[in-house]
Amino acid sequence: MTIQTMWGWEPAIYLFLGGLAGGTFFISALVRLATKDRFQRLSVVAPWVSFAALAVGLFCLVIEVEKPLQAMMMWRSFVNFSSWMTIGAWLLFASIAVFFLSAFFSTPRLVKALKVKEGVAAKVSQVTMVLGAVLGLGVAAYTGVLLMAAGSVPLWNTPLIPVLFTVSALDAGAVVVLACLLGEKAEGADAMYRKVSLASVALIVGEALVLTALLMSHLSGSVSQAIAASTLVSGDLSLQFWLIVVIVGLAIPLVLDLLTTTKAVKNKDARRVAHIAVIVLVLVGGLALRYVILAAGIHAVSVSPDVAQAIQDVYALVL
């Protein structure tokens with residue numbers, strides 16, 4: 001079993017940053033709407049993080065295409081709206097514009113510097129926040145839809161890939177929101193931090209369940225599907241998968257989140273370290289998840305009965 005090498009870390013970084021941007025904007029918008037923008041740091045930082053992450057991600061994507069300048073002329077290059085690539089390109093364009101407007105009009109210093117009326121700025125901020133939340137969820141899902149559309153790749157050709165990437169993106173967004181709330185002095189910050197932490201716990205569990213369903217369905221599916229899944233479970237990518245994705249990205253953050261939300265850790269400094277660790281580990285795990293899913297995206301193959309039997313033996317061993 002070998003891994004594909006056509007797509008490496010660069011596309012994985014785009015997929016991660018795109019999901020991070022969408023997830024951050026969506027989760028932060030929910031918190032902002034629920035609290036009426038009570039937390040100023042979150043209101044300012046989260047939209048800028050979303051905009052910056054998507055901008056860098058798009059840059060990574062553009063430099064991967066054969067003709068980057070032509071790709072940037074979207075009105076000429078992306079006109080076939082029956083293609084997921086075209087739909088995604090315009091979705092990303094709309095998202096980055098809305099994210100920027102939201103970030104700009106949510107930053108009091110910039111609004112004041114350009115002498116924009118507060119009422120106008122507040123309305124634009126509210127409208128772009130709601131619109132950006134919808135677009136952000138779309139961007140998070142699209143990073144998985146982009147792979148699912150590649151029908152010749154057994155591992156990707158399933159609705160579970162968009163679901164997995166969406167849940168992972170929302171979890172990444174949740175920890176960015178936690179980072180914004182960490183040390184927040186406004187009233188209700190601690191209670192909101194705990195709620196977002198509990199949401200992160202649910203998202204980690206959900207991600208683990210979707211990932212398990214993806215692997216089990218492929219291991220018991222066609223030979224090509226089983227080969228791709230076995231690459232993750234017991235093949236060339238098993239170390240990265242089990243160590244970084246499962247242990248570092250899911251198991252440890254889940255334990256730390258539970259310890260801090262249940263207040264099993266009493267020491268404030270220890271809780272702060274645990275909070276920071278969760279943020280870092282979830283982000284590392286999210287990037288690693290996209291890399292291993294890309295690397296395991298081998299094309300459908302024809303194999304001998306002996307190889308097919310070997311794959312089934314691996315499946316039986318895993319169970």
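Analyst: One definition before we start: two residues are in contact when they have heavy atoms within 4.5 Å of each other. Keep in mind, too, that this is a predicted model.

User: Why does T158 count as buried?

Analyst: Buried means under 20% relative accessible area. T158 has 10% relative accessibility, so it counts as buried.

User: Let's zoom out. What makes up the secondary structure of the protein chain?

Analyst: Helices: there are 13 of them, and zero strands. Read from the N terminus on, the elements are α-α-α-α-α-α-α-α-α-α-α-α-α. Of the 319 residues, 49% are buried. The chain exposes about 15,200 Å², and carbon and sulfur atoms supply 69% of that.

User: What share of the contacts with a separation of 6 or more is between residues 24 or more positions apart?

Analyst: Those account for 78%.

User: Where is G297, and why does it count as buried?

Analyst: G297 sits in the loop between α12 (268–295) and α13 (305–318). Its relative accessibility is 3%, and the cut-off for buried is under 20%, so G297 counts as buried.

User: And F105, what makes that one buried?

Analyst: F105 has 19% relative accessibility, which is under 20%, so it counts as buried. F105 belongs to helix α5 (residues 84–105). Not counting residues up to four places away in sequence, F105 touches V111, V116, A121, V124 and S125. With S125, which is 20 residues away along the chain, the C-alpha separation is 5.4 Å.

User: Why is K36 called exposed?

Analyst: Exposed means over 50% relative accessible area. K36 has 76%, so it is exposed. K36 lies in the loop between α1 (9–35) and α2 (40–62). K36 also has a positive phi of about 55°, although it is not a glycine.

User: What about K115, buried or exposed?

Analyst: K115 is exposed, because its relative accessible area is 76% and the cut-off is over 50%. You'll find K115 in the loop between α6 (108–113) and α7. K115 isn't a glycine, but its phi is positive, at about 55°.

User: Now the helices. How do you describe two that are packed?

Analyst: You give the angle between their axes and the distance between the axes. For α9 (residues 189–219) and α11 (residues 238–261), the axes come within 9 Å and cross at roughly 150°.

User: Why are α9 and α11 called roughly antiparallel?

Analyst: Angles over 145 degrees count as roughly antiparallel. Theirs is roughly 150°, and α9 and α11 are therefore roughly antiparallel to each other. Their crossing is left-handed.

User: Which residues meet there?

Analyst: From α9, they include L198, V201, I204, V205, L211 and L215, along with R194 and E207. On the α11 side, they include F241, V245, L250, P253, L254 and D257. By class, the contact of α9 with α11 has 13 nonpolar, three polar and three charged residues.

Technical notes. Residues are numbered from 1 along each chain as its sequence is written. This is a predicted model: local features need pLDDT of at least 70, side-chain atom pairs count only at pLDDT 80 or more; totals for chains, interfaces and linings use all residues. Side-chain values use heavy atoms; hydrogens and water are left out. Axes are lines fitted to C-alpha atoms, for helices over the stretch in contact, and angles run from 0 to 180 degrees between N-to-C directions. Helices (H or I, at least four residues) and strands (E, at least two) are DSSP runs, numbered from the N terminus. Angles under 35 degrees count as roughly parallel, over 145 as roughly antiparallel, 65 to 115 as roughly perpendicular and the rest as oblique. A crossing is left-handed if the near helix is turned anticlockwise from the far one by less than a right angle, and right-handed if clockwise. Ala, Val, Leu, Ile, Met, Phe, Trp, Tyr, Cys and Pro count as nonpolar, Asp, Glu, Lys and Arg as charged, and the others, Gly among them, as polar. Buried means under 20% relative accessible area, exposed over 50%, partly exposed in between (1.4 Å probe, protein chains only). Accessible areas come from the Shrake-Rupley method with a 1.4 Å probe; for residues, only the protein chains shown count as cover.
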